[in-house]
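Please lead me through this structure in running paragraphs.

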Amino acid sequence: MKRIKSILFAIAMLLATPAFFTSCQEDAPEINYTMNVSVINDFTKVVEAINNGFLKNEEAIKKLTEAIDKMNADQQTKLQAIIDVLNSVNATLETKLTAIEAAMKAQTLTLESKLTLLETAIKNQTLKQEEMAGKLITAIENLQGDMQEKIAAIAEAINNVNTTLQSKLALIEAAIKAQTLSLEAKLALIEAAIKALPDYSSQLAAIKTAIENLPDYGDKLAAIEAAIKAMPNYSDKFDAVVAALNAMKTQIEALGTGQADIVTAINNTTAAINSLIAAVNSGNADTAAALAQIIQKLEELKEKIGNGGGGVTPPTPQPTMEYVDLGLSVKWATCNLGASKPSDYGHYYAWGETMVKADYSWNTYKWGTKSNITKYNKGGKTVLDPEDDVATAKLGTPWRMPTDKEINELIGGCTWKWTKKDGVEVYEVKGTNGNVIFLPAAGYRKGFESQDIRKRGYYWSSSLSDVPGSVNARYLIFNSNDQNLGFDDRCYGFQIRPVHP
């Protein structure tokens, strides 16, 4: 009998067990749900956890960012899943804001998808339009790739016909404020934006956005130069430079009387530019020549006002570069210009230019068009001035670009071995003394596109092609089987490997 009672008691306890555990779960649902989310890491479950208050603040953003990146879905499906959250009447405001922040940090969403999400958030009043640039800064800071890839991604988003003007302006503002983009990159994006915008009023809005958000007066003037060069006709160029200078003056005047000297300098420059424009309009001056003089006036103003004082921090000096003695007539830098280690691609430059750009074509070339080179040709100057030798301009003397003869010496005087370094295709170039440098196969830039990445290397020399009247410059070209001196259009973006005496 006692045994039967024991069995009945045990059965009763087993039947009571689910209710007992259910009660425990109801007392501590947050612990159980958080553990479940951390194991499954499913997008829907993470959203539900945030909606129910079980995940908050930085932890919620981190979990949802991971969930977005781990979603086994294509771009459109991911985008729609997040849009559904933003449009859901059941999602709390905190959940929607967390979804936006996580999407901006996600590595697997394109910048264009992120723009679409922000536009959706503004339409359903989750965000205000003025908050968009701040969110885009986060998106830009989390873009994958090197500087050139970031520029390309932002330029592509600006060029997208589906991106609204307000979004493009917000993207320009964000790019200018982003800490991970160099000034050169920012100027390149301003240039790309001007070309992508449909009319003069929107182009002027872009210029004013750039001026308002660049802290350095010299940088503001550089932005004006980059913008007017990109505008399609001279009339708009002339109108834009005057309007931009006036906008800059208005902004500086708001800082108080301590900026009076700078305001006077801007007034004087504006008056000189207006005189040049008047000469063109009356038929007494050539349009192209007048524009060249206007650019010179802006450069002179830049020299006068610099960063304008006022507590503005001067630009960070260019980093120093190490070099290697390969037993040749010059020593070769260990890295490409703009790179932080030997396997990095670094920046791309057109021949004789010192700015990184979005568009490497004759449309943006500093020294003229293919049919009219204004500087550095066989009929005139053939040796780069120090200010146009990007290695000298960035690193200071005695750094410079190599000549074609020095590249020939590198080809013939060293042993070349195709290999990988840090997972990147490179040539190991070994001198007779055993010292080595590495040259990555960084490809080149043509127009807005990258070409031959990981397949070939293209490195400018400082030498023009010796063909009379040629628009080409000499460069080192290599693939996995061969190394040679070539010549090509100087408007293309190639690598620079500096040399040192």
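Thr269 is buried in this predicted model, with a relative accessible area of 7%. Because residues count as buried under 20% relative accessible area, the value for Thr269 places it in that class. Thr269 belongs to helix H15, which covers residues 260-281. Leaving aside residues up to four places away in sequence, Thr269 is in contact with Leu245, Lys297 and Leu301.

When residues up to four places away in sequence are set aside, Ala81 touches Phe43 and Met71. Ala81 and Phe43 are separated by 38 residues in sequence, while their C-alpha atoms lie 8.7 Å apart in space.

These two residues may be set against the protein as a whole. The protein comprises 501 residues, of which 50% count as buried. Its secondary structure consists of 18 helices and 13 strands. Of the contacts between residues at least 6 apart in sequence, 62% join residues at least 24 apart.

Helix packing is illustrated by helix H6 (residues 93-105) and helix H8 (residues 132-141), whose axes are 7 Å apart and meet at an angle of about 35°. On the H6 side, the contact is made by Ile100, Glu101, Met104 and Lys105; H8 contributes Lys135, Thr138 and Ala139. Classified by residue type, this contact of H6 with H8 has three nonpolar, one polar and three charged residues.

The strands include an open sheet of three members, arranged in the order S5-S6-S7 with antiparallel pairing. Strand S5 (415-421) and strand S7 (436-440) each have a single partner strand and stand at the edges, so one side of each is left without a neighbour in the sheet. On average, neighbouring strands of this sheet are turned by 30° against each other, direction ignored. Strand S6, residues 424-430, is joined to S7 by five bridges, and the two run antiparallel. Within this pairing, Lys430 has Val436 in S7 as its bridge partner.

The burial extends to both faces of S10. One side presents Gly457, Tyr459, Ser461 and Ser463, and the other presents Tyr458, Trp460, Ser462 and Leu464. S10 is joined by five bridges to strand S11 (residues 472-478), with the two strands running antiparallel.

Rolling a probe the size of a water molecule over the atoms shows where empty space is left. The structure holds one cavity of 30 Å³ or more, and about 40 Å³ of space lies in the largest cavity. Its lining is formed by Trp332, Pro402, Ile407, Leu410, Leu439, Tyr459, Trp460, Leu476 and Arg497. Strand S10 (457-464) and helix H18 (404-413) each supply at least two residues of this lining. By class, eight of the lining residues are nonpolar, none is polar and one is charged.

Definitions and conventions: Residues numbered from 1 in each chain as written. Predicted model: local features only at pLDDT ≥ 70, side-chain atom pairs only at ≥ 80, totals over all residues. Heavy atoms only, no water. 1 Å grid on protein atoms, 1.4 Å probe; cavity = no way out; pocket = protein on both sides within 12 Å on 5 of 7 lines; lining within 4 Å. Points joined across faces, edges and corners; volume = space filled by probe spheres on them. Helix = DSSP H or I, 4+ residues; strand = E, 2+ residues; numbered from the N terminus. Nonpolar A, V, L, I, M, F, W, Y, C, P; charged D, E, K, R; others polar. Buried < 20%, exposed > 50% of the residue type's maximum accessible area, 1.4 Å probe, protein only. Contact = heavy atoms within 4.5 Å. Pairing = 2+ DSSP bridges. Axes fitted to C-alpha atoms, helices over the stretch in contact; angles between N-to-C directions.
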